[in-house]
Amino acid sequence: MSGPTPAARRTVLKGAALAGAAGLGVAACSTDSKLGRAAIPTPTEPVHLGAADAIPVGGAKLYREERLIVSCPAEGEYKAFSAQCTHAGCVLDKIVGNEGNCPCHGSRFDVTTGKALVGPATVPLPEVQIKAEGGKLVAGPDA
C-alpha cells in the first residue's frame, strides 16, 4: 500500500498551520474583528488636568497618563477626547500639527474633532466632557 511519505505529510501539516496562523493575524488587525474595534473607556470621575492656559489657542495637548487629548479651538473653549486609538486601544503617543498619532498601527486622528484620518482605525475618538474652572481644566462626568 502506497501513500504520502512522512516528509510529504509534514509539509502539508506545516502549510496548514502557517495558513491558520496567517488568518489569525489578519483577523487581529481587521476593523471588523472584536480587536479592531476596541472598547474605549472614558473617565468615570473628574480628572484634573492642570492649568487651562497650558493649551494654546488653536493648539492641543496630549495628557498621555490620563489618556486624554484636549484642544483649544478658541479662547476659553476646550474640547476633549479619549487618547486611546479606536482600532486596538493603544494610547496615542504624540500630536503633530492637529493630528494625534497611534504608535501601534499608524492610525491618526484629528485632535479638534476626534475623527479618524488614517487607518486602520475608522471610528472617531470618543468625546469627553471638559470645562475650565478657576483657570484649571477638569474632564469627565459633570464637567
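1. Let's start with the sheet. Three strands form an open sheet in the order β1-β11-β10, and their pairing is antiparallel. Strands here are DSSP runs of E with at least two residues, numbered from the N terminus, and two strands count as paired if DSSP finds at least two bridges between them. As background, strands of a sheet pair through backbone hydrogen bonds, either parallel or antiparallel.

2. Before going on, keep in mind that this is a predicted model: local features need pLDDT of at least 70, side-chain atom pairs count only at pLDDT 80 or more, and totals for chains, interfaces and linings use all residues. Residues are numbered from 1 along each chain as its sequence is written, and side-chain values use heavy atoms, with hydrogens and water left out.

3. β1 pairs with β11 (residues 136-139) in the antiparallel sense over four bridges, and you can find H48 standing opposite V138 in β11.

4. Next, the inside. The largest nonpolar core has 14 residues, and those touching the most other members are L49, Y63, L68, V70, Y78, I130 and L137. A nonpolar core means buried Ala, Val, Leu, Ile, Met, Phe, Trp, Tyr and Cys residues joined through side-chain atoms within 4.5 Å. Two or more residues come from each of β1, β3 (68-74), β4 and β11, with β3 giving the most, three residues.

5. L68 is worth a click. Leaving out residues up to four places away in sequence, its contacts (heavy atoms within 4.5 Å) include V47, L49, Y63, F81 and V128. There is also a second, separate core of 13 residues, with L62, A83, V111 and A121 among them.

6. C90 sits in the loop between β4 (77-82) and β5 (94-96), and C104 in the loop between β6 (99-101) and β7 (108-110), so the pair ties together parts 14 residues apart in sequence.

7. Are these cysteines buried or exposed? C90 is buried at 17% relative accessible area, while C104 is partly exposed at 38%. Buried means under 20%, exposed over 50%, and partly exposed in between (1.4 Å probe, protein chains only). C102 is in no disulfide, and the nearest cysteine sulfur, that of C85, is 3.9 Å away. C102 is buried, at 3%.

Note on methods:
Disulfide = S-S within 2.5 Å.
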